[in-house]
Amino acid sequence: FKMPLVVMCGYPSSGKSTWTKKLAEYLEKEQGKQVHVVKEEEQFRGEKNDILDDSRKEKELRAKVKSESQRLLTKDNVVIMDALNYIKGYRYELFCISKAVPTRQVTVHCDVSEAQAWEWNINTDRPDNEKYTREVFEHLVQRFETPDPQNRWDSPFFSVLSGEELDLQGINTSLFFNKTPKKNMSTQSNPVTESNYLGTMEKVTSEIIQKIIAAGTERDSGTVDDIQEVEVPYSKLTVHVEDSLTVSQLNKLKRQFITMCKTSSLKGEPGDMFVQYLNSQLSSA
Ligand SMILES: Nc1ncnc2c1ncn2[C@@H]1O[C@H](COP(=O)(O)OP(=O)(O)OP(=O)(O)O)[C@@H](O)[C@H]1O
């Protein structure tokens, strides 16, 4: 059992670094753990707003922070990821990495209002190039995908409101004392054996995609339109389709998912895993 990952998230300037510091101190001094903080901030080098305003640079930034965390996760310490972590699909990828190690992961949401975060941003004693511009701040707030403890990748979940204290002890308990989370209990299908796992994946994902396509193509061949929730085989979960979606996009997501399963030694109920993957990717496009 390897040391766990804490994923901080929240609006820009919502207190992520402040709570990261307190959590790290608590785990080190009171629990005798080694803590490694991966700071997104260190990558900015005075160009915070430029990087966050450029989707290509921002993507590179996220990839760096992710691989740094992944590298450290194999060592004997707690990794706290002090980063915006605002994309649902990205948090899902982190969850897959933790699962593959395997280790535990806890999500901490610094849940302060936009107005409060903005006030902290302008009143902070950092140099101006380390403050968010109004424009970048607003973009990040708009794009923020609030974590939901119902998603298994956002759970166990802790949030801290403005004026409240973070439950440091609770986090410690979740990281070190709780049992490994149980497998998803929403399906009763038969357990899948190692040897036929990928074959099963192929069949399950194909049938799920067929169902989504069938639900949307009655009107318009080739595009899946105007669907909210699609019920699919092999899972009690539904797929949320908000925007129009092409058959080739769906096939691409299926291929990506299968590749991820092959490389990450991720195991679970194939139907649920694929539906959760689709939902995380469809909402983070
Ligand atoms: N609970 C709090 N009460 C009062 N001020 C706070 C609180 N939390 C954070 N701040 C102030 O808000 C500013 C931003 O805090 P912090 O750097 O922790 O946020 P962040 O989410 O890490 O920011 P960034 O998005 O830039 O990484 C700091 O000046 C900090 O002192």
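1. A polar contact here is a pair of N or O atoms within 3.5 Å; within protein, one must be able to donate a hydrogen and the other to accept it, and residues adjacent in sequence count only if both atoms are side-chain atoms. With Lys16, a polar side-chain atom sits 2.8 Å from an oxygen atom of the ligand. Thr124 also places a polar side-chain atom 2.9 Å from a ligand oxygen. Gly15 uses a polar backbone atom, 3.0 Å from an oxygen atom of the ligand. The protein covers 74% of the 630 Å² of accessible area that the ligand has on its own (Shrake-Rupley method, 1.4 Å probe; for residues, only the protein chains shown count as cover).

2. On provenance: this is a predicted model, where local features need pLDDT of at least 70, side-chain atom pairs count only at pLDDT 80 or more, and totals for chains, interfaces and linings use all residues. Residues are numbered from 1 along each chain as its sequence is written, and side-chain values use heavy atoms, with hydrogens and water left out.

3. The ligand shell has 13 residues, and Lys16, Ser17, Thr18, Arg126 and Tyr132 come nearest (near: a heavy atom within 4 Å of a molecule or strand). Helix 1 (residues 16-30) gives the largest share, three residues. Helices (H or I, at least four residues) and strands (E, at least two) are DSSP runs, numbered from the N terminus. By type, the shell holds three nonpolar, six polar and four charged residues. Nonpolar means Ala, Val, Leu, Ile, Met, Phe, Trp, Tyr, Cys and Pro; charged means Asp, Glu, Lys and Arg; the others, Gly among them, are polar.

4. Next, a helix pair. The axes of helix 4 (residues 88-100) and helix 10 (residues 270-282) come within 7 Å and cross at roughly 140°. Axes are lines fitted to C-alpha atoms, for helices over the stretch in contact; angles run from 0 to 180 degrees between N-to-C directions. Helix 4 and helix 10 are therefore oblique to each other (under 35 degrees is roughly parallel, over 145 roughly antiparallel, 65 to 115 roughly perpendicular, the rest oblique).

5. Which residues meet between helix 4 and helix 10? Lys88, Gly89 and Tyr92 in helix 4 meet Met273, Tyr277, Asn279, Ser280 and Gln281 in helix 10 (contact: heavy atoms within 4.5 Å). These residues divide into three nonpolar, four polar and one charged.

6. Check the backbone too. Most residues other than glycine have a negative phi, and most peptide bonds are trans. Val101 and Pro102 are joined by a cis peptide bond, omega about -5°. Ser155 and Pro156 are also joined by a cis bond, omega about 0°. Arg45 has a positive phi, near 45°.
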